Amino acid sequence: MSTESRRDFHRLYELLALLGNAASESVLPLSGKMRLGELRVARLAKKLTPILTSTKQLSQRLQDAIQRSGLIREGDRVGVAVSGGADSVAQLLLLIALQKKIGITLSVLHFNHKLRGGAADGDEKFVGALAQKYKLPFYAAAAAVKSIAKDDKANLEATARRLRYAFFSETASEHHLDKIAVAHTADDQAETVLAHILRGSGLAGLGGIHPQVDKIVRPLLYASRANLRLYLKAHKQTWREDATNRDTTKTRARIRKKLIPLLKREFQPRIVEHLTSLSNHAREDDTLLQYLAEEGLRNSLEMIPGGARIRIADLLPPGPVQPTRGQIQEGRSAEQVAPMGLSGRLVRLIVSSVKRAHLGKAKNNSAVGEFSALHVRQVLELARHGKTGSSLTLPGNIEVRRHRDALVFCVKQSAGLSAREYEYKIDSLPELHTIRVPELGCVFRFTIIDWHPQRGETRLSGEVLDGARLNFPLTLRSWRHGDRFCATGHSKPEKLKRLFNERGIDRWQRTGWPVVVTGKDLAWSRSFGASAKFAAHDGTKTGIVIVEEKFL
């Protein structure tokens, strides 16, 4: 055997040993006669060299991905989440190799879920030793996840994730970290997309794991688990194995251990790559649709006390419910058909807005219920075919009611008037008087004006009160059943409820409806302006303008 062939053989032997695939039939002791033919050596070397090359390229590919995506920027303080598993350890080593090149500062984060007894504590010690080896700050925390999930009557995995990411967020704030790097891989992305497909998913679910959400970044979504393990072996770095990842009673493990190998073997060897590509395209399309939906709601959604209101014409597109491709070709433009796909997204955004405005951020998302595709269909069906007064209840204590040509989304606990009752006394009025009404999220500004010279200011409210006709103290309060109001152009007072009905103001909009009372009479009301009895007239010298503004 030539010198060059012997050198190739030595390289091949080391590579096979590195991969853990040394076999007696293909690799013999280096001392003694070599019985493996040169052709055999060349073929095996050609087959396995790309694998070794890929481990050398990982660092460069990571640097390219970071610079191209902007996930991590020069000067960033990056906390690297390390569980002790191969993926997170490989990510740590890769970022350590790059930190001087891209100008970042690293620290190590570890969260102990206390789910695996001594093994979990061993993971924490392992990661702590790794951080110490590379002289990196180490931040760790622990929580009895199983006990917490039981107390909250919540899913174990969801609770673990919630607590883990809460730790990341708190640590980032406390130690001024710009990013938290989490080691999700291309394989994780493929498994996530498949899990969503099997569960039943729309475009958002096909988007899978996002490369960045706030401070959380995932720079390894391009990399495979196999290459990361090769990288660790090449650097003689050990890692910890989590036995629960092999538990095929769990859907995720079955997808990893059974479904993906089957798809690779029987259907498509590049299934992971293709699913990753699908998720990238889905996220791009989802981002565009989300932008269009948010823009659509900007001018069409009316936030009201306790909820939100939208005209059905703004929620549903005109024309057939389900246009076909043929209909598009026969003359309907993409712009005419596109809103059809936005209706469900609009519903989700409205529900999210109502929950955010009136429920706040729940500590446990499961407590407010899961809003599903079925609920979206039910809301759209109510919009298409529901009658005035018909309603349905959604998870999270949200009620949707059809009222004439609109849908009203309301938090049920806030629908009653008692939740929005308020009363503020006004003993006197300086030139400008402001009253904040937290119950409505509004500010009311009372401005005294000289009526004739400043008549143009009436455009702010449409009506002006005659200051001389008012008796102090005034009261700004929520309307009550039985209130009577004499609207401009009327000769006698009518029940405010009747005026609401004439104007098409539904019961959600009426909740907390503001009025100004002088003595026993209503002098002013939202939308109706000044009462005919107290409105400014030709003889008015001092006018009072009332302007309602939302909190900034």
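Visitor: Is Gln268 buried, exposed or partly exposed in this predicted model?

Guide: Accessibility is read against two cut-offs: buried means under 20% relative accessible area, and exposed means over 50%. Gln268 has a relative accessible area of 25%, so this residue is partly exposed. The model is predicted.

Visitor: Where does Gln268 lie, and which residues is Gln268 in contact with beyond its neighbours within four places in sequence?

Guide: Gln268 sits in the loop between H10 and H11. With neighbours within four places in sequence set aside, Gln268 is in contact with Leu263 and His274. A polar atom of the Gln268 side chain also lies 2.9 Å from the backbone nitrogen of Arg270.

Visitor: How should I read helix H10, and which of its residues are buried?

Guide: Start with the geometry of a helix. An α-helix has 3.6 residues a turn, so residues three or four places apart point the same way. In H10 the buried residues are Ala253, Ile255, Ile260 and Leu263. Their cover includes helix H7 (186-199) and helix H11 (271-300).

Visitor: Where in H10 is the kink?

Guide: Helix H10 covers residues 251-266, and the kink lies at Leu259, shortly before the proline Pro261. The kink amounts to about 30°.

Visitor: Which residue does Arg252 meet in a salt bridge, and what does the pair tie together?

Guide: For a salt bridge, look at the distance from a side-chain nitrogen to a carboxyl oxygen, then at where the two residues sit. The side chain of Arg252 meets that of Glu191, with 3.1 Å from N to O. Arg252 belongs to helix H10 and Glu191 to helix H7, so the pair ties together parts 61 residues apart in sequence.

Visitor: What other salt bridge links distant parts of the chain, and are its residues buried or exposed?

Guide: Asp286 and Arg345 meet through their side chains at 2.7 Å, N to O. Asp286 is in helix H11 and Arg345 in helix H14 (residues 334-358), which puts the pair 59 residues apart. Asp286 and Arg345 are both buried.

Visitor: How far apart are the closest N and O atoms of Lys425 and Glu423?

Guide: They are 3.9 Å apart, and the pair forms a salt bridge. The cut-off for this call is 4 Å. Lys425 counts as exposed at 54% relative accessibility, and Glu423 is partly exposed at 41%.

Visitor: Why is strand S11 described as largely enclosed?

Guide: For a strand, check the residues on each face in turn. In S11 (residues 406-411), 6 of the 6 residues are buried, so the rest of the structure largely encloses the strand. Ala406, Val408 and Cys410 are buried on one side, and Leu407, Phe409 and Val411 are buried on the other.

Visitor: Which strands are joined to S11, and by how many bridges?

Guide: Strand S8 (residues 307-311) runs antiparallel to S11 and is joined to it by 5 bridges. Within that pairing, Ala308 has Phe409 as its bridge partner. Strand S10 (residues 398-403) is also antiparallel to S11, with 6 bridges. There, Glu399 stands opposite Cys410. The hairpin of S10 and S11 has 2 residues between the strands, and Arg404 takes a positive phi near 55°.

Visitor: How many disulfides does the count give?

Guide: A disulfide is called when two cysteine sulfur atoms are within 2.5 Å. By that rule the count is 0. As for accessibility, Cys410 is buried, with a relative accessible area of 1%, and Cys442 is buried, with a relative accessible area of 1%.

Visitor: Back in H7, is His196 buried or exposed, and what does His196 touch?

Guide: His196, in helix H7, counts as buried at 16% relative accessibility. Not counting residues up to four places away in sequence, His196 touches Ser201, Gly205 and Gly208.

Technical notes:
Residues numbered from 1 in each chain as written. Predicted model: local features only at pLDDT ≥ 70, side-chain atom pairs only at ≥ 80, totals over all residues. Heavy atoms only, no water. Bend = angle between axes of the 7 residues up to and from the residue. Buried < 20%, exposed > 50% of the residue type's maximum accessible area, 1.4 Å probe, protein only. Contact = heavy atoms within 4.5 Å. Polar contact = N/O pair within 3.5 Å; in protein donor to acceptor, adjacent residues only side chain to side chain. Pairing = 2+ DSSP bridges.
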